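Subject: A structure to look at, with notes

Dear colleague,

Please find below the structure that I promised to pass on.

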Amino acid sequence: FCAWAGEEQGLVGSRAYAAKMKEEGQEVVAVVNGDMLAYRLPNTDIKVGMKDRYTTPWLLSVVNTITAHYVPTLGISSSPSCCSDHQAFYEHGYPAV
C-alpha cells in the first residue's frame with residue numbers, strides 16, 4: 001500500500017516514486033489505483049469506474065473479471081477522465097490501472 005500527495009498538481013508524488021523505482025530497477029508486478037472511492041453522482045447506481053487511458057490492457061481485463069466474479073451485481077464503467085496516480089507508473093513501463 002502506498003499513498004502520494006500532489007495528484008491534483010500533476011501527479012507529483014506518484015511520478016517521483018515511480019521514477020525512483022525505475023531508476024533503482026525495482027520490479028513492480030502491478031499498480032492498482034483506488035481513487036475517489038465511495039464517490040458516486042447523486043441518483044445513480046453504484047459502480048466501479050475504471051480509467052480507459054494510461055492503463056495496461058491485460059491488467060484492466062483481470063481487474064474487471066475479478067470484479068464481475070466477486071461482485072456480479074456491481075456495474076463496471078469506463079472513464080476517459082484524466083489523471084490519476086496509476087498514470088505515473090504506466091509512463092515508466094509498469095503495468096497499471
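What does the accessible surface of the chain come to, and what percentage of that surface belongs to carbon and sulfur atoms? The accessible surface comes to about 6,700 Å², and 57% of this belongs to carbon and sulfur atoms, with areas taken from the Shrake-Rupley method using a 1.4 Å probe and, for residues, only the protein chains shown counting as cover.

Before reading on, please note that this is a predicted model, in which local features need pLDDT of at least 70 and side-chain atom pairs count only at pLDDT 80 or more, while totals for chains, interfaces and linings use all residues. Residues are numbered from 1 along each chain as its sequence is written, and side-chain values use heavy atoms, with hydrogens and water left out.

The chain has three helices and two strands, which follow the pattern α-β-α-β-α along the sequence; here helices (H or I, at least four residues) and strands (E, at least two) are DSSP runs, numbered from the N terminus. Of the 97 residues in the chain, 27% are buried, where buried means under 20% relative accessible area, exposed means over 50%, and partly exposed lies in between (1.4 Å probe, protein chains only).

In soluble globular proteins, nonpolar side chains tend to be buried together.

The whole structure holds two salt bridges, each being a side-chain nitrogen of Lys or Arg within 4 Å of a carboxyl oxygen of Asp or Glu. In one of them, Arg15 pairs with Glu91, with the closest N and O atoms 3.1 Å apart; because Arg15 lies in helix α1 and Glu91 in helix α3, the pair ties together parts that are 76 residues apart in sequence. Glu24 forms a salt bridge with Lys20, where the closest N and O atoms are 2.3 Å apart.

Glu7, by comparison, is buried yet has no salt bridge, and the nearest side chain of opposite charge, Lys51, is 6.9 Å away. Glu7 is placed in the segment before α1.

Conventions
Lys and Arg count as positive and Asp and Glu as negative; His and the chain ends are not counted.
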